[in-house]
Amino acid sequence: MSFLSSLDIGGSALSAQRLRMDIISQNIANQETYNTAVGADPYCRQLTVFTEKKTFSNVIKSYEEAEGPKYSRGTYYLGNRNNYKYAGVAVAAVIEDDAPYVPVYDPDNPLADEEGYIYKSNVDNTKEQIDLLAAQRNYEANASAVAAVKAMLSKAMTLNGK
């Protein structure tokens, strides 16, 4: 039933945004770190990459397996099949940001390179705060959507007996 699939879609989005907020929190916690050894890199900012759970091959397979007309009034449909079986959000990867590290001139530091620089993490607190706010808003929107679906399901159950 596609109506129940909307809970899966919202739930996957909630999980993805939660992971995004965890990664952002980790970035904020490590924003003041420096390289820990000569020639070593400091903490690198992490980014989450989201993708749709619905893959192209799954969609094509669904349409190939569908019975009856495949095209009607400009939209594809699958009859009574679940159109949203593979719908939702997935975390494709957690990648490192390619922004350069911040050099800090400290020639007396034993971890300094030949020019006297130690390197600070490439995490920018302003960017992280903005990303965190966006992730929080996305989480709240998905939580509202899931709550609305739950309310509709509850109402449908009460109307079923009448």
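# Contacts, charges and confidence in a predicted chain

Among the contacts in the chain between residues at least 6 apart in sequence, 72% join residues at least 24 apart. The model discussed here is a predicted one.

Trainee: In what order do the elements of the chain run from the N terminus on?

Mentor: The secondary structure of the chain comes to 3 helices and 4 strands. Taken from the N terminus on, these elements run α-β-α-β-β-β-α.

Trainee: Where in the chain is confidence lowest, and where is it highest?

Mentor: For the chain as a whole the mean pLDDT is 82, with 77% of the residues reaching 70 or more. Over residues 71-78 pLDDT stays under 50, and for that stretch the model has 11 contacts beyond four places in sequence. Among the elements that mark the two ends of the scale, the lowest confidence belongs to helix 2 (residues 56-65), at a mean of 63, and the highest, at 92, to strand 3.

Trainee: Is Asn-27 buried or exposed, and which residues does Asn-27 touch beyond four places in sequence?

Mentor: Asn-27 has its place in helix 1 (residues 2-29), and because its relative accessibility is 0%, Asn-27 counts as buried. Tyr-43 is 16 residues from Asn-27 in sequence, and the two are 8.4 Å apart in space, C-alpha to C-alpha. Leaving aside residues up to four places away in sequence, the residues that Asn-27 touches are Tyr-43, Arg-45, Gln-46, Val-123 and Glu-128.

Trainee: Arg-45 forms a salt bridge with Asp-97; how many residues apart in sequence are the parts that this pair ties together?

Mentor: The closest N and O atoms of Arg-45 and Asp-97 are 3.2 Å apart, in a salt bridge. Arg-45 lies in the loop between helix 1 and strand 1, whereas Asp-97 lies in the loop between strand 2 and strand 3 (102-105), so the parts tied together by the pair are separated in sequence by 52 residues.

Trainee: Are Arg-45 and Asp-97 buried or exposed, and which residues are linked with them in a network of salt bridges?

Mentor: With buried meaning under 20% relative accessible area, Arg-45 counts as buried because its relative accessibility is 7%. Asp-97, at 13% relative accessibility, therefore counts as buried. The network of salt bridges that holds Arg-45 and Asp-97 also links Glu-128 and Asp-131.

Trainee: Which helix holds both Arg-137 and Glu-140?

Mentor: Arg-137 and Glu-140 form a salt bridge in which the closest N and O atoms are 3.7 Å apart. Arg-137 is partly exposed, with a relative accessible area of 48%, and Glu-140 is partly exposed too, with a relative accessible area of 37%. The two residues are 3 residues apart, about one turn of the helix, and both lie in helix 3 (residues 125-160).

Trainee: How is the aromatic pair of Tyr-105 and Tyr-117 described: stacked, tilted or edge-to-face?

Mentor: A pair of aromatic rings is described by the distance of the centres and the angle of the planes. The count comes to 1 aromatic pair. Tyr-105 and Tyr-117 form this pair, at 5.4 Å centre to centre and with 70 degrees between the planes; because planes over 60 degrees apart count as edge-to-face, the pair is edge-to-face.

Trainee: Which strands does the pair of Tyr-105 and Tyr-117 link, and is Tyr-105 buried or exposed?

Mentor: The pair links distant parts of the chain, with Tyr-105 in strand 3 and Tyr-117 in strand 4, 12 residues apart. Tyr-117, at 31% relative accessibility, counts as partly exposed. Tyr-105 has a relative accessible area of 53%, and is therefore exposed.

Trainee: Which residues form a nonpolar patch on the surface with Val-91?

Mentor: Val-91 has its place in strand 2 (residues 89-96), and because its relative accessibility is 31%, Val-91 counts as partly exposed. The nonpolar patch on the surface has about 180 Å² of accessible area together, and the residues that form it with Val-91 are Leu-19 and Val-94.

Terms used. Residues are numbered from 1 along each chain as its sequence is written. This is a predicted model: local features need pLDDT of at least 70, side-chain atom pairs count only at pLDDT 80 or more; totals for chains, interfaces and linings use all residues. Side-chain values use heavy atoms; hydrogens and water are left out. Patches are made of residues with over 30% relative accessible area and no salt bridge: like charges are joined within 9 Å, nonpolar side chains (Val, Leu, Ile, Met, Phe, Trp, Tyr) within 5 Å. Accessible areas come from the Shrake-Rupley method with a 1.4 Å probe; for residues, only the protein chains shown count as cover. A salt bridge is a side-chain nitrogen of Lys or Arg within 4 Å of a carboxyl oxygen of Asp or Glu. Buried means under 20% relative accessible area, exposed over 50%, partly exposed in between (1.4 Å probe, protein chains only). Contact means heavy atoms within 4.5 Å. Rings of Phe, Tyr and Trp (its six-membered ring) pair if their centres lie within 6.5 Å; planes under 30 degrees apart count as stacked, over 60 as edge-to-face and the rest as tilted. pLDDT is the predictor's confidence in each residue, from 0 to 100.
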